[in-house]
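Visitor: I would like to learn how to read a fold from its helix contacts. Please take me through one example.

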Amino acid sequence: MIAPFNPPWWLKNPHLQTILPTLLRRKKLVNTWRERWELEDGDFIDLDWLSRTTASKQPIVVLLHGLEGSVNSPYAQGMLQAIKHQGWQGVLMHFRGCSGEPNRLPRAYHSGEIGDISALIDKLQLAHPDSPLLAVGYSLGANVLIRYQGEKGKSSPLCAACAISPPLDLAACADRIGQGLSRIYQRHLLSRMRKNVQRKLTNSKLRAQMELNQQQIAELRTFWQFDQHITAPLHGFSGVDDYYQRMSGLRFITQIKRPTLLIHAADDPFMTSAVIPKQQQLPPSLQYELYANGGHVGFLDGGLPWRPSYWLERRVPQFFHSQLETQ
């Protein structure tokens with residue numbers, strides 16, 4: 001049993017927790033091979049696997065990255081390395097448009113889109129009926145995973161799931177990231193999001209289906225604006241309020257019936273206390289861990305300043321082991 005998260009004094013700053021992993025982990029930690037999966041609607045998603053073959057009864061861990069993340073995100077590389085160390089199979093599902101190539105349709109992905117992950121998990125269950133299925137999601141991907149577990153309830157094929165730093169109240173998080181030093185993260189993420197949409201506008205067929213032009217997209221400065229003018233209309237929501245209200249993970253946690261670990265840091269610079277579920281909202285199958293420190297998808301807990309240790313890469317496998325032992 002590993003100890004609860006408790007960083008040393010020099011790692012208690014939330015921005016240091018959030019930024020340091022990106023600064024220190026610039027090299028690729030694992031080699032993966034890519035599979036392109038063609039979807040029924042004419043689009044595609046790219047899957048990055050730890051190995052080309054999956055042994056009989058070998059656990060398979062599905063990773064869901066955060067907003068504008070990919071297999072190259074430091075947290076994804078770190079967890080894939082930890083999964084490989086356990087002797088498990090790992091596969092990261094890129095959300096549409098996040099694998100380095102624009103997807104084919106105007107729509108992309110959002111904080112509650114579970115169609116693609118549902119199809120993938122069903123496919124894995126059919127292809128590997130003897131392999132336990134596990135999943136870990138980060139940030140946006142964690143909110144997606146919470147919704148998936150809630151919607152599926154007892155019928156979820158996942159033996160266990162871990163949700164790290166999910167923005168369970170999307171409206172509150174959109175407000176928070178537009179305040180104080182957190183605006184740095186908003187500026188960085190929105191820059192990448194705008195560029196991805198603008199790349200699609202170079203395709204005349206897609207451009208005809210988009211409501212905004214290049215200049216209008218360039219003027220979107222907040223998550224509220226982007227989600228009002230891009231995310232909501234492209235994904236069938238009546239507006240940003242409708243999207244945030246319907247897709248916030250807090251709506252789904254009471255419906256979770258399969259073992260799920262949810263980890264938050266109270267000092268997360270992307271969030272407010274609005275994301276913290278009340279005790280009466282927590283079902284028996286949901287294990288909730290709230291720590292005073294940890295930042296956003298950080299949870300560095302010691303080591304040398306230039307080579308810290310990564311607590312999540314011990315905690316998540318430990319939780320999965322505890323659930324696999326009960327199967």
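**Reading the fold and its helix contacts**

Guide: Start with the record: the UniProt annotation "domain: AB hydrolase-1", from an unreviewed entry, covers residues 59-302. UniProt positions are given in the numbering used here, feature names are shortened, and annotations may be inferred rather than shown by experiment. The model is predicted, with local features needing pLDDT of at least 70 and side-chain atom pairs pLDDT 80 or more, while totals for chains, interfaces and linings use all residues. Residues are numbered from 1 along each chain as its sequence is written, and side-chain values use heavy atoms, leaving out hydrogens and water.

Visitor: How many helices and strands does the chain have?

Guide: Helices (H or I, at least four residues) and strands (E, at least two) are DSSP runs, numbered from the N terminus. The chain has eleven helices and ten strands. Within residues 59-302, the span is 38% helix and 15% strand, and its end C-alpha atoms lie 29 Å apart.

Visitor: What does the radius of gyration say about the chain?

Guide: The radius is taken over C-alpha atoms, and the globule rule is 2.2 Å times the number of residues to the power 0.38. For 327 residues a compact globule would have a radius of gyration near 20 Å, and the 19 Å of the chain agrees with that. The C-alpha atoms fill a box of roughly 55 × 45 × 40 Å along the principal axes.

Visitor: Which residues does UniProt list for "active site"?

Guide: The unreviewed entry lists Ser-139, Asp-268 and His-296. They are spread over 158 residues of sequence but cluster in space, with a largest C-alpha distance of 10.8 Å. Ser-139 sits in the loop between β5 (133-138) and α4.

Visitor: At what angle do α3 and α4 cross?

Guide: Axes are lines fitted to C-alpha atoms, for helices over the stretch in contact, and angles run from 0 to 180 degrees between N-to-C directions. Angles under 35 degrees count as roughly parallel, over 145 as roughly antiparallel, 65 to 115 as roughly perpendicular and the rest as oblique. The axes of α3 (residues 115-127) and α4 (residues 140-152) come within 10 Å and cross at roughly 65°, so the two helices are roughly perpendicular. Contact means heavy atoms within 4.5 Å. Here Ile-117, Ser-118 and Ile-121 of α3 meet Val-144, Tyr-148 and Lys-152 of α4.

Visitor: How are α6 and α9 arranged?

Guide: Helix α6 (residues 183-200) packs against α9 at about 20°, with axes 11 Å apart, and is therefore roughly parallel to α9. The contact joins Gln-186, Leu-189, Leu-190, Met-193, Arg-194 and Val-197 of α6 to Phe-223, Phe-226 and Ile-230 of α9.

Visitor: And what angle does α9 make with α10?

Guide: Helix α9 (residues 223-234) and helix α10 (residues 240-247) pack at about 95°, their axes 8 Å apart, which means that they are roughly perpendicular. On the α9 side are Phe-223, Trp-224, Asp-227, Gln-228, Thr-231 and Ala-232, and on the α10 side Val-240, Asp-241, Tyr-243 and Tyr-244.
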